[in-house]
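Could you walk me through this structure in the viewer, one selection at a time? I would like to know what to pick next and what is there.

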Amino acid sequence: MMDFTPDQIERYSRHILLQDVGVEGQEKIHNGKVLVIGAGGLGAPVLMYLAAAGVGSIGIIDGDVVDLSNLQRQIIHFTADVGKPKVLSAKEKIQAINPDVNVTTFHDLFTAANAFDLIRDYDFIVDGTDTFPVKFLINDACVLAGKPFSHGGILRFDGQTMTHLPGTACYRCAFHSPPPPNAVPTCSQAGVLGAIAGMLGTIQAAETLKFLTGAGEPMVNRLLSFNAKTMNFRTVKLHRDDNCPVCGKHPSVTELSESEQAACDLKKH
Amino acid sequence: MSRIKVNDELREVTLPITLTELIQQDNIVPDMVSVQINGTLLERAKYDDTAVSEGDEIDFLFFMGGGSL
């Protein structure tokens with residue numbers, strides 16, 4: 001048992017009160033190491049809630065700088081941060097929220113070359129990226145390395161998320177391969193209601209905290225999607241697919257490659 | 001008319017109809033959607049050749065890429 005200080009006991013009291021968390025669960029959160037890929041619309045609420053919750057080690061990777069058009073939804077970044085690397089802006093807010101958190105930043109893109117090195121030291125990975133090649137790369141890296149992760153995607157008024165633990169359905173079990181370039185617009189092309197990022201990101205943060213504490217049932221083998229125009233939420237059952245390119249019986253994806261990334265030019269500003 | 005379920009909602013369709021035709025009825029570009037028929041994922045290359053049958057439960061799973069930018 002670690003010894004929380006009186007201030008920490010008070011800070012985390014609403015967690016400690018929860019039967020499924022308690023001091024023991026808070027200790028697990030404190031010992032947790034989470035990598036958040038992308039400090040944007042999804043990464044912002046994920047990082048803020050994980051910081052507030054007292055996750056001991058948070059890694060952030062993002063190669064971008066804060067843009068004025070980000071501020072409508074990326075609530076971890078403030079007006080004065082425009083032009084600043086997102087990882088730096090995010091780190092400053094996290095430290096202001098909770099000095100207990102140890103933040104490691106990577107001002108870089110998540111690529112096939114650095115994926116395994118980046119995820120190795122973390123217990124749980126959160127996908128807060130917005131291009132399909134990177135989403136598939138995160139899935140492949142996590143599946144091949146046996147790492148749990150949360151997938152998240154948002155567009156216009158919609159959001160979708162699933163949690164993967166080793167042995168459960170992966171993102172490729174539901175979406176075998178990336179869509180052709182430009183078949184599906186990104187938020188920067190089609191827009192997104194700012195609060196959708198918060199709705200989806202907080203679900204991912206909750207899944208992360210559930211994983212770290214062991215509370216409840218992780219949202220595995222399920223794809224949750226919602227539409228904020230109707231506020232209908234829908235869960236589709238997923239199965240681990242024998243024909244899955246990465247976790248199936250005869251996988252074609254056995255190592256990470258950059259090729260799919262080069263083939264896609266979705267990431268247009 | 002035959003009854004199927006699309007994303008949990010009952011729908012009447014005239015058979016024969018291929019999956020590609022069903023997708024296009026909803027003004028969806030087939031490349032934008034991943035499809036499960038009765039819980040089994042279907043490869044996108046097979047949409048054209050897959051006939052919808054009475055009672056099928058079909059789930060459209062949409063690609064959603066946003067998040068970071």
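Predicted model: local features only at pLDDT ≥ 70, side-chain atom pairs only at ≥ 80, totals over all residues.

Residues are numbered from 1 along each chain as its sequence is written, and chains are lettered from A and ligands numbered from 1 in the order in which they are written.

**Stop 1: the sheet of chain A**

You will find an open sheet of 8 strands with mixed pairing, in the order E3-E2-E1-E4-E5-E6-E7-E8. E3 and E8 (232-237) of chain A stand at its edges with a single partner strand each, so one side of each has no neighbour in the sheet. From one strand to the next, the twist averages 15 degrees.

Now pick E1 (33-37) of chain A, which pairs with E2(A) in the parallel sense over 5 bridges (two strands pair if DSSP finds at least two bridges between them). Lys33(A) has Ser57(A) in E2(A) as its bridge partner.

**Stop 2: two helices of chain A**

H7(A) lies across E1, E4 (124-127), E5 (149-155) and E6 (158-164) of chain A, and runs at about 165 degrees to E4(A). Axes here are lines fitted to C-alpha atoms, for helices over the stretch in contact, with angles from 0 to 180 degrees between N-to-C directions.

Next comes helix H5 (86-97) of chain A. At 1.5 Å a residue, its 12 residues should span 16 Å, and the end C-alpha atoms are 16 Å apart, which agrees; the expected span is 1.5 Å times one less than the number of residues. Among the buried residues of H5(A) are Val87(A), Ala90(A) and Ile94(A) (buried means 20 or more other C-beta atoms within 10 Å of a residue's own, with C-beta atoms placed from the backbone). The buried residues of H5(A) pack against H4 (43-53), E2 (57-61) and E3 (102-106) of chain A.

**Stop 3: the core**

Which residues have the most contacts inside the largest nonpolar core? They are Val36(A), Leu47(A), Ile58(A) and Ile125(A), in a core of 70 residues. A nonpolar core is a set of buried Ala, Val, Leu, Ile, Met, Phe, Trp, Tyr and Cys residues joined through C-beta atoms within 7 Å. Centre on Leu47(A): not counting residues up to four places away in sequence, it touches several residues, including Val36(A), Ile58(A), Ala90(A) and Ile94(A) (contact means C-beta atoms, placed from the backbone, within 7 Å).

**Stop 4: chain B**

Switch to chain B, where the elements run β-β-α-β-β-β from the N terminus on. Its strands form an open sheet with mixed pairing in the order E2-E1-E5-E3-E4. The edge strands are E2 (9-13) and E4 (40-42) of chain B, each pairing on one side only. The twist averages 35 degrees from one strand to the next. Zoom in on E3 (33-37) of chain B, which pairs with E4(B) in the antiparallel sense over 3 bridges; here Val35(B) stands opposite Leu42(B).

**Stop 5: where the chains meet**

Finally, show both chains. The contact takes 19 residues from chain B and 36 residues from chain A. On the side of chain B that touches chain A, E3 and E5 (57-62) of chain B each supply at least two residues.

Key. Helix = DSSP H or I, 4+ residues; strand = E, 2+ residues; numbered from the N terminus. Buried ≥ 20, exposed ≤ 12 C-beta atoms within 10 Å, placed from the backbone.
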